[in-house]
Amino acid sequence: MNFNTDKPIYLQIADVISDRILSGELKGGDRIPSVREYGADIGVNPNTMMRSYEKLTADGIIFNKRGIGYFVADDARDTVLAAQRKEFLEKDVPAILQRMRLLGLDSTIFEGK
């Protein structure tokens, strides 16, 4: 896995897992690899993986069955979708609109004019 320097690694890992849920690759009830297993697969310290899993757990996206492992929550896709839509509307759209204003563009570019 390639990481960028603009965002903490544990958040990038959480994003990858969330994207896998959105794409349908991971579904509610699916077991995900252990912290050590996943960390070894992508070359990340288990402590970093644990931070990712803790964030996803706090967000209600995954849950831990003690002694068995981590699983995708049944409503994980809806939770991820709502969070990513909110972030897109609050962060990305305003940045896009600001950039359009700076470049002298308006909504007519979407009309093929």
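Trainee: Is Tyr-53 buried or exposed?

Mentor: Tyr-53 is buried, with a relative accessible area of 0%; buried means under 20% relative accessible area, exposed over 50% and partly exposed in between, with a 1.4 Å probe and protein chains only. Keep in mind that this is a predicted model, in which local features need pLDDT of at least 70 and side-chain atom pairs count only at pLDDT 80 or more, while totals for chains, interfaces and linings use all residues. Residues are numbered from 1 along each chain as its sequence is written, and side-chain values use heavy atoms, with hydrogens and water left out.

Trainee: OK, and what does Tyr-53 touch?

Mentor: Leaving out residues up to four places away in sequence, Tyr-53 touches Ile-17, Ile-32, Pro-33, Ser-34, Val-35, Tyr-38, Ile-62 and Tyr-70, where contact means heavy atoms within 4.5 Å.

Trainee: How many aromatic pairs are there?

Mentor: The structure holds two aromatic pairs; rings of Phe, Tyr and Trp (its six-membered ring) pair if their centres lie within 6.5 Å, and planes under 30 degrees apart count as stacked, over 60 as edge-to-face and the rest as tilted. Tyr-53 and Tyr-70 make an edge-to-face pair, at 4.8 Å centre to centre and with 70 degrees between the planes. Because Tyr-53 lies in helix α3 and Tyr-70 in strand β3, this pair ties together parts that are 17 residues apart in sequence; helices (H or I, at least four residues) and strands (E, at least two) are DSSP runs numbered from the N terminus. Phe-63 and Phe-71 form a stacked pair, at 5.9 Å centre to centre and with 25 degrees between the planes.

Trainee: And how buried are those two Phe residues?

Mentor: Phe-63 is partly exposed at a relative accessible area of 31%, whereas Phe-71 is buried at 11%.

Trainee: Which charged end sits over the ring of Phe-71?

Mentor: That of Lys-65, 4.8 Å from the ring centre; a charge sits over a ring if NZ of Lys or CZ of Arg is within 6 Å of the ring centre and within 35 degrees of the ring normal. Arg-51 lies over the face of Tyr-10, at 4.0 Å from the ring centre.

Trainee: Changing topic, which residues of α2 are buried?

Mentor: In helix α2, residues 35-42, they are Val-35, Tyr-38, Gly-39 and Ile-42. They lie on the same side of α2 because they cover an arc of only 100 degrees around the axis, the arc being that of the directions from the helix axis to the C-beta atoms. The cover over these buried residues includes α1 (9-22), α3 (46-58) and β3 (69-72).

Trainee: What does the opposite face of α2 carry?

Mentor: The face turned away from the buried side carries the exposed residues Arg-36, Ala-40 and Asp-41. After α2 comes Gly-43, whose phi is positive, near 75 degrees.

Trainee: Last one, in what order do the strands of the sheet run?

Mentor: Three strands form an open sheet in the order β1-β3-β2, with antiparallel pairing; two strands pair if DSSP finds at least two bridges between them. β1 (31-32) and β2 (62-65) stand at the edges with a single partner strand each, so one side of each is left without a neighbour in the sheet. Two bridges join β1 to β3, and the bridge partner of Arg-31 in β3 is Phe-71.
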